[in-house]
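Here is a short briefing to read alongside the model. Please keep the sequence and the 3D view open as you go.

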Amino acid sequence: MTAITEPEERSPREVWRDPRCLLAFGFGSGLSPAAPGTVGTLAAIPLYLVLEPLGVGAYLLIMALVFVIGISLCTHAAKVLGVHDHPAIVWDEFAGYLLTMTAAPAGWQWPLIGFVLFRFFDIVKPWPIGWVDRRVSGGFGIMIDDILAAVPAWFLLQGAARILG
């Protein structure tokens, strides 16, 4: 009888040529040796700048696709790596940052403010974000805590935009 074993953890650098892992790793940004989530969020800024001119409806449709595709990408990468929510998996940061930036006003300062707000909530993980992060697994679990972190970041960004004009 063969024993069932956990998959052996593999280095992200061993699997980055897999196109699904490449996307899950934020086009390689998640391979940063320091602060891969922060570097992954920085790598999402150019994608946001490409999407920024779209209308809110088209932007939200793309966000929905980023989320749904992200569940599959993150599930695949976690299985290949043998680690749930490996730090190299940063597609969730892309999704969270893009959600934070939904309907953001024009101007160079707003992507920066959105970055700081999103990273704050993603790192600190106040309730219920941390609770969900600890209890929901799989690709959905990897994605949902960043989506939840984006919600208060979005509210604060929109509030700042209203106050500051």
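In which helix does Val124 lie? Val124 belongs to helix H6, helices being DSSP runs (H or I, at least four residues) and strands likewise (E, at least two), numbered from the N terminus. This is a predicted model, in which local features need pLDDT of at least 70 and side-chain atom pairs count only at pLDDT 80 or more, while totals for chains, interfaces and linings use all residues. Residues are numbered from 1 along each chain as its sequence is written, and side-chain values use heavy atoms, with hydrogens and water left out.

**The chain as a whole**
- The chain has eight helices and zero strands.
- A compact globule of 165 residues would have a radius of gyration near 15 Å, and the chain agrees at 16 Å; the radius is taken over C-alpha atoms, and the globule rule is 2.2 Å times the number of residues to the power 0.38.
- Along its principal axes, the C-alpha trace spans about 65 × 35 × 30 Å.
- Of the 165 residues, 44% count as buried (under 20% relative accessible area, with exposed over 50% and partly exposed in between; 1.4 Å probe, protein chains only).
- Among contacts (heavy atoms within 4.5 Å) with a separation of 6 or more, 75% come from residues 24 or more positions apart.

**Helix H3**
- Helix H3 covers residues 36-51, and its 16 residues should span 22 Å at 1.5 Å a residue; the end C-alpha atoms are 23 Å apart, which agrees. The expected span is 1.5 Å times one less than the number of residues.
- The buried residues of H3 are Pro36, Gly37, Gly40, Thr41, Ala44, Ile45, Tyr48 and Leu51.
- An α-helix has 3.6 residues a turn, so residues three or four places apart point the same way.
- Helix H4 (56-81), helix H5 (91-100) and helix H6 (109-124) are what the buried residues of H3 pack against.

**Val124**
- Val124 counts as partly exposed because its relative accessibility is 46%.
- Between Val124 and Thr38, which are 86 residues apart along the chain, the C-alpha separation is 13 Å.

**Gly30**
- Gly30 sits in the loop between helix H2 (19-24) and H3.
- With 4% relative accessibility, Gly30 counts as buried.
- Leaving aside neighbours within four places in sequence, Gly30 is in contact with Phe25, Pro36, Pro87, Ala88 and Val90.
- Gly30 and Ala64 are 34 residues apart in sequence, and their C-alpha atoms are 22 Å apart in space.
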